[in-house]
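Please read it alongside the sequence and the coordinates.

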Amino acid sequence: MSRKSTCLLIAASGTGGHLFPALAVAEQLSDYQIEWLGVANRLEKTLVPDCYTRHTINIEGFQQGFGLKTLPILVRFVMAVFQVRQLIKKYQIDAVFTTGGYIAAPAILAARLQNIPAILHESNYIPGKVTRWLSRWCDVVALGFAGTAQYLPNIETVYVSTPVRSQFFSSQNLDLAIPPGVPLIVVVGGSQGAVAVNQLVRQAAAAWLDLGAYIVHLTGEKDLDVQSFQHPHYICLPFYENMAGLLQRANLVISRAGAGTLTELAVTSTPAILIPYPYAAEDHQTYNAQVFANAGAGLVLTQSELTAQILQETVLELLHSPSQLKAMATKAKNLAMIDSAKRLANLVDNLLTKSTQ
Ligand SMILES: CC(=O)N[C@H]1[C@@H](OP(=O)(O)OP(=O)(O)OC[C@H]2O[C@@H](n3ccc(=O)[nH]c3=O)[C@H](O)[C@@H]2O)O[C@H](CO)[C@@H](O)[C@@H]1O
C-alpha cells in the first residue's frame with residue numbers, strides 16, 4: 001500500500017508552542033497524507049503551510065468550574081467531537097497526533113470513538129488538563145520533559161523532548177542589520193508577545209544600548225506602545241520567522257518560559273533570563289523555567305517582583321560577565337535533544353504502520 005493512502009490527522013492549534021513542534025513532526029512524515037485540525041482565525045491560519053489541508057472546528061477552553069455559562073461551551077464541545085469523527089470517516093484517517101491544548105480533547109475522543117490510535121505530545125513540565133484527563137485514551141503519550149512522568153501516574157510515557165523546526169539544525173543568516181561582534185540581546189514573549197515584558201524592556205533598554213549592545217525585540221501584535229521607544233540599534237518587530245538565526249546569534253535572550261522557546265534555547269545553546277507568564281495554566285511556565293534554571297542555563301525572574309531597574313541591572317551584570325554567559329550557554333546545550341522530531345515521528349510512524357496492517 002502506498003504511504004500516501006495512509007492518512008494522519010494532526011490536531012495542533014492556537015500558539016507557536018503547539019504548532020511548531022507539530023509542524024516539525026509533520027515535516028518528518030512527508031510520505032503520508034496529512035490533514036490539519038485547528039480553529040478559525042488562530043495562528044495556524046498563517047503558520048500551517050498549504051500542503052496540509054486545514055479543517056476547523058468551533059471550540060474553546062473550559063474556564064474554572066462548571067456553571068450555566070459553560071453549557072454552550074459543552075454543547076460546542078460535543079458537536080466538535082462529532083465533527084472530528086465525521087472528518088475521520090470522510091478522509092479515512094488512520095491515526096491522530098496532537099500536541100495538546102483544547103483542540104486535543106475532541107481529537108482524542110473522536111479517535112477513540114472511531115477506534116483509531118491517538119498519540120499525544122505534552123511539552124510542558126506540568127501537564128495540561130487535557131493531558132491529565134485524556135492520556136489514558138491515547139496509545140502513546142510523549143513528553144517534552146522527563147520529570148513530567150511523575151504527574152501522570154499509571155500512564156506509560158516516553159520522553160522525547162520537544163521538536164523544533166528544521167531551520168534550527170543549520171547555521172542561519174540574519175537579514176537584520178546587526179554588525180558582527182556586538183552583543184545581541186533578543187527579547188521574545190512567546191508566539192504572541194508579552195506586553196508586560198515589553199514595557200519593562202523599553203524602560204530598561206537605554207543602559208544596554210549605551211554599553212554597545214544591539215536589541216531585537218519581538219513584541220507580538222497586541223502591544224499598542226511599540227513606537228514609544230526608538231534607537232538606531234533597537235530593532236522592534238511583531239513576529240520574526242527566522243528564530244533559529246536570531247537565537248544562534250544572540251548573546252542573551254530575555255523570554256517568557258514557553259516550552260517551545262526553552263527547547264530552542266537549549267538547541268542553540270543560548271543563555272536566557274526567563275520571566276514566566278504569571279497567568280499560564282497551573283503556573284506551568286514557572287516549572288518549565290525551573291528546569292532551565294536548575295541546569296544552570298538561565299535565571300528566572302518572577303514578574304510580580306520584577307522592576308525595570310532589576311531587569312536592567314541583571315542584564316548589565318551578565319553583559320559584563322562573558323564567562324558567566326558562556327557557562328550558561330554550555331549548560332543550555334546539555335538540555336538539548338537534537339533528534340526529538342525524528343523520535344516523535346518514529347512513534348507516529350509505528351502507530352500508523354500498526355493501524356494499517
Ligand atoms: C502564553 C502561553 O500559555 N503560552 C504557551 C504556548 O506557547 P507560546 O507560543 O506562547 O510559547 P512557546 O515558547 O512555547 O513557543 C513560541 C514559539 O514561537 C516562535 N516564535 C516566537 C516569536 C517570534 O517572533 N517568532 C517565532 O517563531 C518561537 O521560536 C517558539 O517556537 O504553548 C506552549 C506549549 O504548550 C506553552 O509552554 C506556553 O506556556
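D139 is partly exposed at 42% relative accessibility, where partly exposed lies between buried (under 20% relative accessible area) and exposed (over 50%), with a 1.4 Å probe and protein chains only. The model is predicted: local features need pLDDT of at least 70, side-chain atom pairs count only at pLDDT 80 or more, and totals for chains, interfaces and linings use all residues. Residues are numbered from 1 along each chain as its sequence is written, and side-chain values use heavy atoms, with hydrogens and water left out.

**Salt bridges**

- A salt bridge is a side-chain nitrogen of Lys or Arg within 4 Å of a carboxyl oxygen of Asp or Glu; by this rule the count comes to six.
- R112 belongs to helix α4 (residues 104–114) and D139 to the loop between α5 (129–134) and β6 (140–143), so the pair ties together parts that are 27 residues apart in sequence. Helices (H or I, at least four residues) and strands (E, at least two) are DSSP runs, numbered from the N terminus.
- R165 and E241 form another salt bridge, with their closest N and O atoms 3.7 Å apart. R165 lies in the loop between β7 (157–159) and β8 (184–188), and E241 in the loop between β10 (234–237) and α7 (243–249), so this pair ties together parts that are 76 residues apart in sequence.
- R165 counts as buried because its relative accessible area is 9%, whereas E241 is partly exposed at 47%.
- Salt bridges link R165, E241 and E264 in a network.
- D339 and R343 also meet through their side chains in a salt bridge, at 3.1 Å from N to O. D339 is partly exposed at 34% relative accessibility, and R343 is partly exposed at 38%.

**Helix α4 and its cover**

- Which residues of α4 are buried? They are A104, A105, P106, A107, I108, A110 and A111.
- The cover over these buried residues includes β1, β2 (33–38), α3, β4 (95–98), β5 (118–122) and α5.
- Just after α4, N115 takes a positive phi of about 60°.

**Domains**

- The chain is divided into domain 1 (3–161 + 338–356) and domain 2 (168–334); these bounds come from an automatic or database domain assignment.
- The centres of the two domains, taken over C-alpha atoms, are separated by 29 Å.
- Contact (heavy atoms within 4.5 Å) joins 17 residues of domain 1 to twelve residues of domain 2.

- S13 sits in the loop between β1 (7–11) and α1 (16–28).
- Is S13 buried or exposed? S13 counts as buried because its relative accessibility is 8%.
- The S13 side chain makes a polar contact with the side chain of E44 at 2.6 Å. A polar contact is a pair of N or O atoms within 3.5 Å; within protein, one must be able to donate a hydrogen and the other to accept it, and residues adjacent in sequence count only if both atoms are side-chain atoms.
- Leaving aside residues up to four places away in sequence, S13 touches H18, L19, G38, V39, R42, E44 and I103.

- L71, L74, V75 and M79 form a nonpolar patch on the surface, with about 370 Å² of accessible area together. Patches are made of residues with over 30% relative accessible area and no salt bridge; like charges are joined within 9 Å, and nonpolar side chains (Val, Leu, Ile, Met, Phe, Trp, Tyr) within 5 Å. Accessible areas come from the Shrake-Rupley method with a 1.4 Å probe, and for residues only the protein chains shown count as cover.
- L71 is placed in helix α3 (residues 71–90) and is partly exposed at 47% relative accessibility.
- An α-helix has 3.6 residues a turn, so residues three or four places apart point the same way.

- T302 is in the loop between β13 (298–300) and α10 (308–319) and is partly exposed, with a relative accessible area of 40%.
- T302 and Q172 are 130 residues apart in sequence, and their C-alpha atoms are 32 Å apart in space.
- I310 is in helix α10 and is partly exposed, with a relative accessible area of 37%.
- I310 and L200 are 110 residues apart along the chain, and 9.7 Å separates their C-alpha atoms.
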